[in-house]
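Please keep the sequence and the model in view while I talk.

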Amino acid sequence: MIAKHPRLSLREQCGLLGLHRSGLYYEPVAESGENLFLMNLLDRQYTRHPEQGVRRMTLHLRELGYVINPKRVRRLLRQLGLEAFYPKPRLSIPDPAAGRYPYLLKGLKITQADQVWCADITYIGLPGGFAYLVAIMDWFSRYVLAWEVSNSMESAFCVSALERALSRRRQPEIHNTDQGSQFTSAEWLGLLEGRGVRVSLDGRGRAFDNIMIERLWRTVKWEHVFLREHRSIGDLRAGLGEYFAYYNHRRWHSALENQPPAAVYKR
């Protein structure tokens, strides 16, 4: 938006946009190849043991032969958006939107499709960086209604996936997510409330409130992501397209009496 202007200097243009002039010259530095490799190792260990925090993750990498300190491990985990699953004290200020949307699934018996949908975001490592995957799933049938991949954590790709899920002319009674900014954005909440869907948000520090989609991430990563070397987001998107088609229509689930999710959802 800022360019040569006959009357406005760069400083004046920055002032009108509410930006600091130094931001014009900032160029983000990509993670080194070594850090990306370590982040992939951390992601694999977290998928196996989500209860392990910085200390145990550090011990795990040292056991593999890497000289690394907890400070670096903490930074890489924060970059990945990974946090150990354990009960936490309520020391932070709740998100303003979270106060208006309580957790609605406590004690709820989910007995049919489209009763509850859920959504979440996970990280997937690539050789030149990492991507984010969002999925929207029907809780009862485990059917993945829509998914999308992005190289940033902005809410637009999540809203796009939700729009595709709702375009099926079916919608849930309740939609549950965590309290992430993507799921408390005006666009996301407005789309659900405009359809009359009840919004449910996980409690802070509640690791298992959205457990169904956490299980989905474990399945996707161990059965697909960790077995293939995707070179780009386009390559990743194509691979996930094939995998989710298999997951929905051909992968048997013991919890579904050995039926694939699509058979249960469409019935």
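What you see is a predicted model, in which local features need pLDDT of at least 70 and side-chain atom pairs count only at pLDDT 80 or more, while totals for chains, interfaces and linings use all residues. Residues are numbered from 1 along each chain as its sequence is written, and side-chain values use heavy atoms, with hydrogens and water left out.

First, the overall picture. The chain has 267 residues, of which 45% are buried, and its C-alpha atoms fill a box of roughly 65 × 50 × 40 Å along the principal axes. Helices (H or I, at least four residues) and strands (E, at least two) are taken as DSSP runs and numbered from the N terminus; the chain contains 9 helices and 5 strands, and in sequence order they read α-α-α-α-β-β-β-α-β-α-β-α-α-α. If we take contact to mean heavy atoms within 4.5 Å, then among the contacts between residues at least 6 apart in sequence, 61% join residues at least 24 apart.

Now let us look at helix α6, residues 186-194. Which residues of this helix are buried? They are Trp188, Leu189 and Leu192, and they lie on the same side of α6 because they cover an arc of only 90° around the axis, the arc being that of the directions from the helix axis to the C-beta atoms. The buried residues of α6 pack against β1 (116-126), β2 (129-138), α5 (156-166), β4 (174-177) and β5 (198-201), whereas the face turned away from the buried side carries the exposed residues Ala186 and Gly194. Just after α6 comes Gly196, with a positive phi of about 80°.

Positive phi values also turn up in residues other than glycine. Arg142, in the loop between β2 and β3, has a phi near 65° and is buried, with a relative accessible area of 15%. Arg169, in the loop between α5 and β4, likewise has a positive phi of about 65°, but Arg169 counts as exposed at 84% relative accessibility.

Next, the aromatic rings. Rings of Phe, Tyr and Trp (its six-membered ring) pair if their centres lie within 6.5 Å, and planes under 30 degrees apart count as stacked, over 60 as edge-to-face and the rest as tilted. The whole structure has 10 aromatic pairs. In one of them, the rings of Tyr143 and Tyr265 have centres 4.9 Å apart and planes at 0°, so this pair is stacked. Tyr143 sits in the loop between β2 and β3 (144-150) and Tyr265 in helix α9 (residues 261-266), so the pair ties together parts that are 122 residues apart in sequence; both tyrosines are buried. The rings of Trp147 and Phe244, with centres 5.4 Å apart and planes at 35°, form a tilted pair. Here Trp147 belongs to strand β3 and Phe244 to helix α8 (residues 233-249), which are parts 97 residues apart in sequence. Ring pairs link Trp147, Tyr243, Phe244, Tyr246 and Tyr247 into a cluster.

Finally, the charged side chains. A salt bridge here is a side-chain nitrogen of Lys or Arg within 4 Å of a carboxyl oxygen of Asp or Glu, and the structure holds 7 of them. One joins Glu34 and Arg72 at 3.7 Å, N to O, linking helix α2 to helix α4 (residues 70-80) across 38 residues. In another, the closest N and O atoms of Arg237 and Glu148 are 3.4 Å apart, and this pair connects helix α8 with strand β3, 89 residues apart. How accessible are its two partners, buried or exposed or in between? Arg237 is partly exposed, with a relative accessible area of 34%, while Glu148 counts as buried at 16%. Salt bridges that share partners join Glu148, Arg164 and Arg237 into one network.

Definitions and conventions
Buried means under 20% relative accessible area, exposed over 50%, partly exposed in between (1.4 Å probe, protein chains only).
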